[in-house]
Amino acid sequence: CHFTWDLHKEDVIVETLEERILDHIKFVKECNITDYNILSYVCHLKNSNEEGLRNLQKAEEAIQEHHPGEIARRSLVTWGNYAWIYYHMQRYEEAQTYVSKVENSCKKLSGTALGKIQLPEVCAEQGWALLLFGEKYYERAKNCFENALKSEPDNPEFNAGYAIAMFRLEGCARWNNEEMWSCLEALKRAVELNPNNTTLLALLALELQRLERGTEGERYIEEGLQKTPDFPGFLRYAASFYRKKREVDKAVNILKKSLALTPNSVTVHHQLGLCYKSKILQLKKERNPPREEFENLIERAIFHLKTVIKKDPLFFTVYNDLGLIYSLGKRYEEAEEIFQKVLHRNDIPCVDKQLIYLNYGKFQHFHMKSESKAIEYYMEGLKMEKDSYGRKLCSEAVEKLLKQKTESGLGHATDFGTLGLVHKLNGKKQEAIECYQKAIALDPNNQEYLNALAELQLSISS
Ligand SMILES: *[C@@H]1O[C@H](CO)[C@@H](O)[C@H](O)[C@H]1NC(C)=O
Ligand SMILES: *[C@@H]1O[C@H](CO)[C@@H](O)[C@H](O)[C@H]1NC(C)=O
Ligand SMILES: *[C@@H]1O[C@H](CO)[C@@H](O)[C@H](O)[C@H]1NC(C)=O
């Protein structure tokens, strides 16, 4: 059950997760057992064990309604959570009662005295829980659904979970074509098995768009808009589709409708922020952008992005967007403040941190006009060794800047030295050697350059 699935409180904002699950319960037509089970765990995380128990009761009612013939099999997770919550409340007798219920069911279901059993429904439920705990958990979620599918390859729900996990994983990493292809196949199959689920339909459309087959994808979005014009879980993806297609006004209209339905949704606020950001960037290209409209868009973007950070301070890429909007509005102090807030955190995944260095570097470069600080921060991103999109962009940005300086004939020793380090970090040893030689020509006694050069020459000759 949830208490043994390694779901850590520090990876989520408990109140925000709770709101998200409540929204799901409110709008989804399917039975709510899984939602109530995880909700009981979330209640425990926020120290409301009583409320947790009430949600488990709702789960039990839903089980009785939807699976009257399979109570024991369908209740294992619910009973497990009961046992743990009673245990944490130091109500040990009640805890023991539920432990016994689980034990007896497992023995009966497995037909063995030990009662060891792995049920595909339980694997899938673990998968859904993992998906709610964020990026770090997606790979494990995918494995859970894969396991469940081994026993029931045609189960619609397991196929849906598997496809969603694949899609989310793909959004985090830059996959190769083969992996994108298998994600597309998984989504097609999930849609086929869940013909009424427009959330899956929207994901399929977004995947086609990623694969530059947007026209085909749009047909599914239109179909979804017909079938479920008021389902927030679909609408936010539809909006994302139109934003990426650069029909930003259409996206904004859909999102306004979504916001009315789910005013607490972090995703909706984020999407709105991104829409206003792209309208601002569009307007900036005009020669004389209308001032009032420009300011208005800046205000709106700031409002929605700030809401996202307030609700989910762990959504690290949003700090970059907000920093950019402040800079575009020439509100440099606030931009600086938001970047500092995130630069000082030490709990940020590498890939996000590299993007933050990139964006702060750009802020210093293009808005504060400080090349030296820009170089410093681009280098920080590049020095983090994990290969990522952000690291690549940091590398390109700093290389371009340094080359401009060194090729202009005004380069200092440090410019050549830093460019040498860029090449070295990118594994280009010969170019690195040439740069260090030039740096040493300008600053013959610099021990750092001499050491770096010696080390490089040694590694080439051996
Ligand atoms: C899920 O819960 C909501 C809110 O309590 C309820 O309106 C809905 O009917 C439930 N769904 C099912 C299928 O029971
Ligand atoms: C899909 O929805 C239609 C119309 O609401 C319904 O008749 C049909 O049974 C549903 N199909 C499935 C597989 O749930
Ligand atoms: C589609 O299925 C997923 C997974 O069960 C669920 O979260 C989502 O709300 C469903 N969407 C619709 C429109 O029923």
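UniProt, in an unreviewed entry, places the feature "repeat: TPR" at residues 232-265, 316-349 and 413-446. UniProt positions are given in the numbering used here, feature names are shortened, and annotations may be inferred rather than shown by experiment. The model is predicted: local features need pLDDT of at least 70 and side-chain atom pairs pLDDT 80 or more, while totals for chains, interfaces and linings use all residues. Residues are numbered from 1 along each chain as its sequence is written, chains are lettered from A and ligands numbered from 1 in the order in which they are written, and side-chain values use heavy atoms, with hydrogens and water left out.

Two of the spans compare as follows, with helices (H or I, at least four residues) and strands (E, at least two) taken as DSSP runs numbered from the N terminus.

| Span | Helix | Strand | End C-alpha distance |
|---|---|---|---|
| residues 232-265 | 79% helix | 0% strand | 9 Å |
| residues 316-349 | 71% helix | 0% strand | 9 Å |

Around ligand 3 (a heavy atom within 4 Å) are His 24, Val 28, Glu 30, Trp 128, Asn 197, Thr 198, Thr 199 and Phe 231. Two polar contacts (N or O atoms within 3.5 Å) can be described. A polar side-chain atom of His 24 is 2.9 Å from an oxygen atom of ligand 3, and a side-chain N or O atom of Thr 199 lies 2.8 Å from a nitrogen atom of the ligand. Ligand 3 taken alone exposes 360 Å², of which the protein buries 83% (Shrake-Rupley method, 1.4 Å probe).

The protein chain is divided into domain 1 (1-117) and domain 2 (411-462), with bounds from an automatic or database domain assignment. Their C-alpha centres lie 60 Å apart.

Conventions: Polar contact = N/O pair within 3.5 Å; in protein donor to acceptor, adjacent residues only side chain to side chain.
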